[in-house]
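Hi everyone, thanks for coming. I'd like to walk you through one structure today, so please have it open as I talk.

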Amino acid sequence: MDLLQEDSNTVTFLDLLVSNENGGIATRLFRKPTATNSLLDYTSFHPVHTRNGIPVGQFLRTWRNCTSDEVFREEASCLTKRFKKRNYPKGSISRAYQRANGCTQDSLLTTRIKARESGPRFITQYNSQWSQVYVGQTSQELRRRIQKHFSTINLARVDYAKGDYLLWKSV
């Protein structure tokens, strides 16, 4: 556990500096004095969306973990310098900062419910007789398998309409 006592009103825990201010809790980011600038260099061969997403995530994390606007601006300034040293374009840094600054801290601390996929569901009850039937295993998605079945049915209809239904009788 990374728990270091700074003074009677301040303690570090993981990447946070937690302090007692006027009977309330205040937080800001904490970096060990030996920490290096381990941010991904922008000139790496990672996809552009990955390289541009890192500042967004870091600024959102900074805003989420700082209890005041003033502390956020201080930490964001340090973070900006770290990104510049790692060759991030000013525009990418600025957009990321503006995105974080445009959020409310409450929205960053609220758990969001993920939207469910709106695809069909096949739900059935277990039957003990199924253990006697070999179903098989495939790495294909169910959606792809069903598409192939429909394709086979449609091809059979076309062949039947042409009079080539003998091809399908042997299958």
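A quick word on terms before anything else: when I say helix, I mean a DSSP run of H or I with at least four residues, and helices are numbered from the N terminus. Please also keep in mind that this is a predicted model.

With that in hand, let's begin at helix 5, residues 142-162.

Now let's turn to the strands. Strand 2 covers residues 10-13, and it pairs with strand 3 in the antiparallel sense over 4 bridges. These two form a hairpin with 2 residues between them, and L14 in that turn has a positive phi of about 55 degrees. Strand 3, residues 16-21, also runs antiparallel to strand 4, residues 24-29, and here 6 bridges join them. Again there is a hairpin with 2 residues between the strands, and this time N22 is the turn residue with a positive phi of about 55 degrees.

Helix 1, residues 48-65, packs with helix 2, residues 69-85, at an angle of about 155 degrees, and their axes are 9 Å apart. Angles over 145 degrees count as roughly antiparallel, and helix 1 and helix 2 are therefore roughly antiparallel to each other. Their crossing is right-handed. From helix 1, the residues I54, P55, Q58, F59, T62 and W63 meet D69, F72, E75, A76, L79, T80 and F83 in helix 2. By class, that contact has 8 nonpolar, 3 polar and 2 charged residues.

How do helix 2 and helix 3 cross, and at what angle? Helix 3 is residues 90-101, and its axis comes within 11 Å of the helix 2 axis, crossing at roughly 160 degrees. That makes helix 2 roughly antiparallel to helix 3. This crossing is right-handed. Helix 2 brings F72, R73, A76, T80, F83 and K84 to the contact, and helix 3 brings I93, Y97, A100 and N101. Those residues divide into 6 nonpolar, 2 polar and 2 charged.

That leaves helix 1 with helix 3. Their axes come within 8 Å and cross at roughly 35 degrees, and helix 1 passes helix 3 in a right-handed crossing. The contact is made by N52, P55, V56, F59, L60 and W63 of helix 1 with S92, I93, A96, Y97, R99 and A100 of helix 3. By class, there are 9 nonpolar, 2 polar and 1 charged residues in this contact.

That's my tour, and I'm happy to go back to any part of it.

Note on methods: Residues numbered from 1 in each chain as written. Predicted model: local features only at pLDDT ≥ 70, side-chain atom pairs only at ≥ 80, totals over all residues. Heavy atoms only, no water. Axes fitted to C-alpha atoms, helices over the stretch in contact; angles between N-to-C directions. Parallel < 35°, antiparallel > 145°, perpendicular 65-115°, else oblique. Left-handed = near helix turned anticlockwise from the far one by under 90°. Contact = heavy atoms within 4.5 Å. Nonpolar A, V, L, I, M, F, W, Y, C, P; charged D, E, K, R; others polar. Expected span 1.5 Å × (residues − 1). Pairing = 2+ DSSP bridges.
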